[in-house]
Amino acid sequence: LVLLGEDMRKEVLHTIQHPPPPPLEQVPRDVGFEDIGKLSDREIQMLLREVDQIDLVVALKGASDGLKEKILGNMSERVQMFINEEMSYVHAQSGRVIDAQTCILKQLFQLWREGQIELV
């Protein structure tokens, strides 16, 4: 690095410290909504900060009990109560549930591309 010019050295160091996100072709194709349950609590909390609560309510209507518990367990009691109450009012059709789950998966993949979440 010593022989490189100052600008080139800065660019190389920046690339090393901040590698570009993987291309979309490398997004795992077999990741589904239920795979969110495999994330760490920290990763789930990070994802929840990015997700629209209405999408979350609708998406959870089609989720397994285990995934609901894991996601709700990463929320405050007040937010859990709100989500549970909203889920009791929502009568989501399967197409709407799939759309909401797809929106949440898009957020998951975005966080993965940014290197904030690791998909196994």
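Guide: The largest cavity is lined by I36, I44, L47, L48, V51, L56, I71 and I104, where a cavity is a set of points, on a 1 Å grid over the protein atoms alone, at which a 1.4 Å probe fits but cannot get out, and a lining residue has an atom within 4 Å of a point. This is a predicted model, in which local features need pLDDT of at least 70 and side-chain atom pairs count only at pLDDT 80 or more, while totals for chains, interfaces and linings use all residues. Residues are numbered from 1 along each chain as its sequence is written, and side-chain values use heavy atoms, with hydrogens and water left out.

The space in this cavity is about 40 Å³, a volume being the space filled by probe spheres set on the grid points, which are joined across faces, edges and corners; the count comes to one cavity of 30 Å³ or more. By class, its lining has eight nonpolar, no polar and no charged residues, with Ala, Val, Leu, Ile, Met, Phe, Trp, Tyr, Cys and Pro counted as nonpolar, Asp, Glu, Lys and Arg as charged, and the others, Gly among them, as polar. Helix α2 gives the most to the lining, with three residues; helices here are DSSP runs of H or I with at least four residues, numbered from the N terminus.

One of the lining residues, L47, is in contact (heavy atoms within 4.5 Å) with I36, L39, I104, Q107, L108, L111 and I117, leaving aside its neighbours within four places in sequence. In the largest nonpolar core, which has 33 residues, L47 is among those that touch the most other members, together with I36, L56, I83 and L108. Such a core is a set of buried Ala, Val, Leu, Ile, Met, Phe, Trp, Tyr and Cys residues joined through side-chain atoms within 4.5 Å, and buried means under 20% relative accessible area with a 1.4 Å probe on protein chains only, exposed over 50%, and partly exposed in between. The largest share of this core, eight residues, comes from α6.

Another lining residue, I71, belongs to helix α4 (residues 65–72), where L67, I71 and L72 are buried. Seen down the axis of α4, these buried residues fall within an arc of 125°, so they line one face of the helix, the arc being taken from the directions from the helix axis to the C-beta atoms. They pack against α2 (41–50), α3 (53–61) and α5 (77–89), whereas the face turned away from the buried side carries the exposed residues D65 and E69.

Definitions and conventions. Helices (H or I, at least four residues) and strands (E, at least two) are DSSP runs, numbered from the N terminus. On a 1 Å grid over the protein atoms alone, a cavity is a set of points where a 1.4 Å probe fits but cannot get out, and a pocket is an open set with protein on both sides within 12 Å along at least five of seven lines; lining residues have an atom within 4 Å of a point.
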